Amino acid sequence: MKYIFLVNPIAGSGRAKRKWRILQQYLIEQSFDYEIYFSKATGDIQKRLGNQDYTDPQQSIIIMGGDGTLHEAINGVLHNVKIAQQIPIGYISAGSGNDFARLYSLSNDPVLAFKRIDQAMKYRQFKMIDIGKYTNQQTSMITYFINNMGIGIDATAVHFANDSQTKRWLNKLHMGQWSYLIAALKSLVKQEAFEIMVEDANRQQIRTQKGYFVTIANNPYFGGGIKILPDADPTDGLLDIIIVDKPQHIFRLIWLLGALFRGNYYQYSEVNHIQTKQMILKTTRSEYSHLDGESVSPQIFDAKIQLIKYPICF
Ligand SMILES: Nc1ncnc2c1ncn2[C@@H]1O[C@H](COP(=O)(O)OP(=O)(O)OP(=O)(O)O)[C@@H](O)[C@H]1O
């Protein structure tokens with residue numbers, strides 16, 4: 001078996017590069033056949049996996065990076081017209097937030113993580129993970145997400161976090177996850193209420209004029225460990241969705257945030273929680289969104305969101 005490693009060297013503020021050096025030493029010692037590619041910019045891994053033919057059964061792909069890198073890899077293979085069947089992706093976590101890794105308690109040790117993947121690839125023991133398929137109904141453009149997608153305050157927070165000097169500074173101190181909290185506080189001030197319509201697979205509708213955010217998730221964790229959708233499960237074949245109204249006043253907002261951090265906020269009148277196989281989502285005003293923490297410019301939403309399964313190895 002030959003391993004093709006695609007590493008995002010800047011993930012986790014360089015953690016991925018450090019982990020790669022440790023793993024490379026092991027691969028050389030154990031005479032593994034491998035190839036290494038370091039991404040050079042955002043979108044590089046997606047492009048590479050989107051253009052090349054990786055269907056040789058004697059080759060396996062392993063990604064090293066954070067949630068954003070995994071997001072790129074999934075979008076690459078799923079948009080690759082040369083790959084008719086699903087090729088399993090190995091994943092070694094090396095980001096700062098690491099929400100996917102958190103859910104599965106993935107090892108921090110790259111050699112241990114690789115040994116597990118090597119065994120799983122040999123015996124074809126892949127986990128079929130739910131992947132969100134988001135179709136923009138105006139443009140027919142498709143984007144996939146592995147952990148979550150959000151519109152409104154969480155997306156505004158992601159925009160501020162990814163944009164900020166603070167993230168770079170906190171990443172250097174290995175406290176990258178705090179950047180999301182700081183950005184979230186900033187976005188609490190900026191985010192205005194907006195109109196949202198969600199229709200589930202049974203054509204049941206939820207409408208609100210006072211929307212604060214919508215999060216659609218397969219993974220309970222968001223933004224480096226906030227358990228935003230405690231019931232989300234990436235193997236249940238269902239999307240978990242929360243539609244949250246803007247609280248009337250700041251004290252109610254603080255109360256709601258406290259409940260969110262305690263993981264018991266579904267019962268509040270501002271919160272609607274649903275689980276469905278697919279959904280339609282519309283907004284009437286332009287809003288920031290994010291997919292797996294990757295910020296998207298503001299737009300009005302007319303979207304269809306479905307699920308597919310993809311084999312991932314970790
Ligand atoms: N060589 C590169 N230079 C700059 N950015 C890159 C490069 N390669 C990939 N990227 C981008 O780096 C961003 C961050 O990667 P990633 O999300 O994996 O790490 P992270 O932010 O540290 O981890 P997490 O998402 O788990 O918090 C992604 O948007 C990715 O597209």
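**The ligand shell and the domain contact**

Guide: In this predicted model, 23 residues surround the ligand, and the closest are Ser39, Gly66, Gly68, Gly95 and Gly97. A residue is counted as near a molecule if its C-beta atom, placed from the backbone, lies within 6 Å of it. Local features need pLDDT of at least 70 and side-chain atom pairs count only at pLDDT 80 or more, whereas totals for chains, interfaces and linings use all residues. Residues are numbered from 1 along each chain as its sequence is written.

Visitor: Which residue classes make up the shell around the ligand?

Guide: Ala, Val, Leu, Ile, Met, Phe, Trp, Tyr, Cys and Pro count as nonpolar, Asp, Glu, Lys and Arg as charged, and the others, Gly among them, as polar. The shell holds 14 polar, five charged and four nonpolar residues.

Visitor: Which domains contribute to the shell around the ligand?

Guide: Domain bounds come from an automatic or database domain assignment. Here, domain 1 spans 2-125 and domain 2 spans 131-309. The shell draws at least three residues from each of them.

Visitor: How many residues does each domain give to the contact?

Guide: Two residues are in contact if their C-beta atoms, placed from the backbone, lie within 7 Å. The C-alpha centres of the two domains lie 27 Å apart. Domain 1 supplies 14 residues to the contact and domain 2 supplies 21.

Visitor: Which elements of domain 1 give two or more residues to the side that touches domain 2?

Guide: Helices are DSSP runs (H or I, at least four residues), numbered from the N terminus. On that side, these elements are helix H3 (67-79) and helix H4 (99-103). H3 gives the most, with seven residues. H3 also provides the largest share of the shell around the ligand, four residues.
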